[in-house]
Amino acid sequence: MSDKEIKSLEAIFEARIARDEKIEPKDWMPEKYRKTHIRQISQHAHSEIVGMLPEGNWISRAPSLRRKAALLAKVQDEAGHGLYLYAACETLGVSRDELYDQLHSGKAKYSSIFNYPTVTWADMGAIGWLVDGAAIINQVPLCNTSFGPYARAMVRVCKEESFHQRQGFEIMLKLCNGTPEQKEMAQDALNRWWWPSLMMLGPTDAESIHTEQSMKWKLKRKTNDELRQQFIDQTVPQADLLGITVPDPDLKWNEETGHYDFGEINWDEFWQVVKGHGPCNKKRMKDRVNAWENGAWVRDAAMAYAEKNEKRKLKEAI
Ligand SMILES: [Fe+2]
Ligand SMILES: [Fe+2]
């Protein structure tokens, strides 16, 4: 294709984005748009899958049958989210094997938050309330993103995330209305998960190298700082309702702006975790790779069964 032809295709593409039309897998798209989407959607898929690990660890230790059933359903939902997103990513011409390989070799990134340990049952509450809460804030605008398969996957994902957030908040509410020790556990979990949850919404706008282009393509509809402020404004009144304290001495309602002011985020910690030096990076990857390797026989059996079925159908057709 000549440069002139590419330019005119680009102009048509940009006009479609401007009209808020969805871009579908078979439509022409700039190579950079395709690559950026593969990166973002696969990072999102990896986060869903790795995100199962810190909570899966607590399924066998849930304090009641009801809690166990809810947590099990939640973790299973995350597997489903990973699968829709891998499927959406594959429509851009990358294979599932390639994506898994990027994750397992440590080449691909996933959300920094899942590299923190889950040390008490209250962490299940804090994760649902804060981590899934931040995920909803991040993902609701993505229901309107320009790439069709990603936008459609997000609609269902967001509905399920809202159940995750509620089950987490309910755990917190129960603990906060329980014994002093239980309330102490809830406070401790908030202390540990608050700052990593703020970091989870990504680096500040000034530091975020992808934000500008992603906003232009309507891959992102709000900047990281906007999303973070929204999360804080929404979550602080919930902490007040629980009767526990957000671990930020600088947190203060600002009458003038109509938002909460908040303290400095420790970005050094964020970058350390992103670079692989968080408390659980190595363990998460080891567990993930082990799960993949130990599951090889299931995949082989499923393939053998599908082949056998295919042969039988062929025989019957003859
Ligand atoms: Fe999810
Ligand atoms: Fe979730």
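This is a predicted model: local features need pLDDT of at least 70, side-chain atom pairs count only at pLDDT 80 or more; totals for chains, interfaces and linings use all residues.
Residues are numbered from 1 along each chain as its sequence is written, chains are lettered from A and ligands numbered from 1 in the order in which they are written, and side-chain values use heavy atoms, with hydrogens and water left out.

The iron ion (ligand 1) and the iron ion (ligand 2) lie 3.4 Å apart and are bridged by E78. Helices are DSSP runs (H or I, at least four residues), numbered from the N terminus.

**Iron ion (ligand 1)**

- E48 (OE), E78 (OE), H81 (ND1) and E161 (OE) coordinate the iron ion (ligand 1) at 2.0 to 2.2 Å. Donors are N, O and S atoms within 2.8 Å of the metal (3.2 Å for Na, K and Ca); water is not among the atoms, so sites may look incomplete.
- The arrangement around the iron ion (ligand 1) is irregular because its 4 donor atoms subtend angles of 84 to 152 degrees. Four donors count as tetrahedral if all angles lie between 85 and 135 degrees; four count as square planar and six as octahedral if opposite donors are over 155 degrees apart and all others between 65 and 115; anything else is irregular.
- Along the chain, the donors of the iron ion (ligand 1) have the spacing E-x29-E-x2-H-x79-E.
- Distant parts of the chain are linked by the pair H81, in helix α4 (residues 65–90), and E161, in helix α7 (residues 148–176), which are 80 residues apart.
- Both H81 and E161 are buried (buried means under 20% relative accessible area, exposed over 50%, partly exposed in between, with a 1.4 Å probe and protein chains only).

**Iron ion (ligand 2)**

- The iron ion (ligand 2) is coordinated at 2.0 to 2.2 Å by E78 (OE), D132 (OD), E161 (OE) and H164 (ND1).
- The site of the iron ion (ligand 2) is irregular, with angles of 87 to 163 degrees among its 4 donor atoms.
- Its donor residues follow E-x53-D-x28-E-x2-H in sequence.
- E161 and H164 are about one helical turn apart because they are separated by 3 residues in helix α7. H164 is buried, as is E161.

**Helix packing**

- α7 and helix α8 (residues 180–200) pack at about 140 degrees, with their axes 7 Å apart. α7 is therefore oblique to α8.
- Axes are lines fitted to C-alpha atoms, for helices over the stretch in contact, and angles run from 0 to 180 degrees between N-to-C directions. Angles under 35 degrees count as roughly parallel, over 145 as roughly antiparallel, 65 to 115 as roughly perpendicular and the rest as oblique.
- In contact (heavy atoms within 4.5 Å) are M172, L175 and C176 of α7 with Q182, K183 and A186 of α8.
- The axes of α8 and helix α10 (residues 224–242) come within 12 Å and cross at roughly 175 degrees, so these two helices are roughly antiparallel.
- From α8, K183, W194, S197, L198 and M199 take part in this contact, and from α10, R228, F231, I232, T235, V236 and L242.

**Single residues**

- H104 lies in helix α5 (residues 96–104) and is buried, with a relative accessible area of 18%.
- Not counting residues up to four places away in sequence, H104 touches M285, R288, V289 and W292.
- D20 is in the loop between α1 (3–18) and α2 (31–50). D20 has a positive phi of about 65 degrees although it is not a glycine, and at 45% relative accessibility D20 counts as partly exposed.
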